[in-house]
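Here's a quick briefing to read alongside the model. Have the viewer open, and click along as you go.

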Amino acid sequence: MDDLETRQLRYFVAVAEELHFGRAAERLGIAQPPLSRAIRQLEQRLGVRLLDRDRRGVALTDAGRVLLREANVALDAVAAAARRTRRAADPKRPLVLVTKAGASHELLQRLLGALASEPGAAPVDVLLCEVGEQAGLLRDGRADVALMHRPFDDLAGFDTEDLYTEGQIALLPAGHPLASHDQLTLAEVRDVPDLPIARWPRLDGTYPDGPGPEVHTQSQLAQLVALGRTLLVIPASSRAWQWPDHVAVPVVDAPDVTTVIAWPPSSHSPAVASLVRSAAGLRSTTLPASAS
């Protein structure tokens with residue numbers, strides 16, 4: 001198959017996502033006729049039909065759905081390559097470490113402290129994100145390394161180093177009867193009639209079924225717990241953002257969670273390698289009191 005141009009892929013993605021040539025052309029800032037010609041040329045080059053067109057509109061074929069997925073991956077990789085190349089040209093630039101806001105707080109403090117005391121260590125900028133965003137920031141080149149959590153985060157395709165494993169807690173409104181327990185089980189927190197478990201998005205962006213509220217951010221979740229509208233089960237170290245209106249109770253049979261440091265396998269940066277070594281060197285000293 002002939003090599004595809006990034007311009008062709010961008011045009012196709014716009015049409016595939018809009019399912020309307022006029023809206024796609026407006027999104028791309030071009031006229032509709034050259035966009036239609038470009039899509040026909042792409043189909044001819046590939047030898048497949050990517051779109052079904054009729055009076056009712058535009059729909060993706062099976063081949064089109066495959067190309068949409070693969071084109072997004074390819075365009076992200078091209079954008080990431082450009083960002084990493086520009087950043088590599090600046091030897092004084094800081095490394096960017098991304099982590100979920102409120103997660104692995106003690107580990108992050110100790111890691112930054114260790115790097116600050118290490119002669120010649122590259123400076124580090126910390127980028128705080130919401131749940132599930134680290135993988136995208138690593139893949140598109142906006143971050144160099146990430147603190148992530150197995151089994152919750154998307155680690156596919158990254159090199160990783162395990163740092164520590166810990167149990168989980170239930171974060172509850174302070175006035176709720178369950179908050180007075182010394183420990184809880186998953187069965188006790190799973191079906192609380194007046195306090196449904198909050199629902200985080202899956203890796204694909206969809207939400208599991210259930211009566212609990214769909215949450216997107218830590219701040220949103222913290223307020224819903226304080227208002228007595230939901231509870232959640234999270235790694236013990238994530239209680240760093242716990243409010244006075246919250247109570248944390250260990251969930252004794254919840255699956256363990258492993259914090260890892262992750263980086264793109266294509267990275268050959270000595271500064272990244274040094275940061276990973278520093279993080280691995282803290283393994284014996286960063287275990288939270290509640291870690292297993």
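A contact here means heavy atoms within 4.5 Å. With that cut-off, and leaving aside neighbours within four places in sequence, Leu 35 is in contact with Tyr 11, Val 15, Phe 21, Ala 24, Ala 25, Leu 28 and Ile 30. Keep in mind that this is a predicted model, where local features need pLDDT of at least 70, side-chain atom pairs count only at pLDDT 80 or more, and totals for chains, interfaces and linings use all residues. Residues are numbered from 1 along each chain as its sequence is written, and side-chain values use heavy atoms, with hydrogens and water left out.

**Overall picture and confidence**

- The protein chain has nine helices and 10 strands; these are DSSP runs numbered from the N terminus, with helices being H or I of at least four residues and strands E of at least two.
- Along the principal axes, the C-alpha atoms fill a box of roughly 65 × 55 × 30 Å.
- Of the 292 residues in the chain, 41% are buried, where buried means under 20% relative accessible area, exposed means over 50%, and partly exposed is in between (1.4 Å probe, protein chains only).
- Take the contacts with a separation of 6 or more: residues 24 or more positions apart account for 67% of them.
- The average pLDDT (the predictor's confidence in each residue, from 0 to 100) is 88, and 95% of the residues score at least 70.
- Confidence is lowest in helix 4 (residues 62-88), with a mean of 84, and highest in strand 9 (residues 246-251), at 96.

- Five strands make an open sheet in the order 4-3-5-10-6, with mixed pairing; two strands pair if DSSP finds at least two bridges between them.
- Strand 4 (124-129) and strand 6 (159-166) are the edges; each has a single partner strand, so one side of each is left without a neighbour in the sheet.
- From one strand to the next, the twist averages 25 degrees; axes are lines fitted to C-alpha atoms (for helices, over the stretch in contact), and angles run from 0 to 180 degrees between N-to-C directions.
- Strand 6 and strand 10 (residues 257-263) run antiparallel and are joined by seven bridges, with Asp 162 standing opposite Val 260 in strand 10.
- Helix 5 (residues 105-116) packs on the sheet, touching strand 3 (95-100), strand 4, strand 5 (145-150), strand 6 and strand 10, and its direction makes about 165 degrees with that of strand 4.
- Helix 9 (residues 270-281) also packs on the sheet, touching strands that include strand 3 and strand 10, at about 160 degrees to the direction of strand 10.
- Strand 5 is mostly covered, with five of its six residues buried.
- Strand 5 runs parallel to strand 3, with two bridges, and antiparallel to strand 10, with five.

**Nonpolar cores**

- A nonpolar core is a set of buried Ala, Val, Leu, Ile, Met, Phe, Trp, Tyr and Cys residues joined through side-chain atoms within 4.5 Å.
- The largest one has 22 residues, and those with the most contacts inside it are Phe 12, Val 15, Phe 21, Leu 35, Ile 39 and Leu 51.
- Helix 1 (6-18), helix 2 (21-28), helix 3 (32-46), strand 2 (57-60) and helix 4 each supply at least two residues of this core, and helix 1 gives the largest share, seven residues.
- Another core, of 18 residues, lies apart from it, and Leu 107, Leu 147, Trp 263 and Val 276 are among its members.

**Spots to click on**

- Most residues other than glycine have a negative phi, and most peptide bonds are trans.
- Leu 19, in the loop between helix 1 and helix 2, has a positive phi of about 50 degrees although it is not a glycine; at 35% relative accessibility, Leu 19 counts as partly exposed.
- Ser 104, in the loop between strand 3 and helix 5, has a positive phi near 50 degrees and is buried, with a relative accessible area of 0%.
- The peptide bond from Arg 150 to Pro 151 is cis, with omega near 15 degrees, and Pro 151 lies in the loop between strand 5 and strand 6.
- Asp 140, in the loop between helix 6 (134-139) and strand 5, is buried at 12% relative accessible area.
- Not counting residues up to four places away in sequence, Asp 140 touches Asp 76, Ala 79, Ala 80 and Arg 83.
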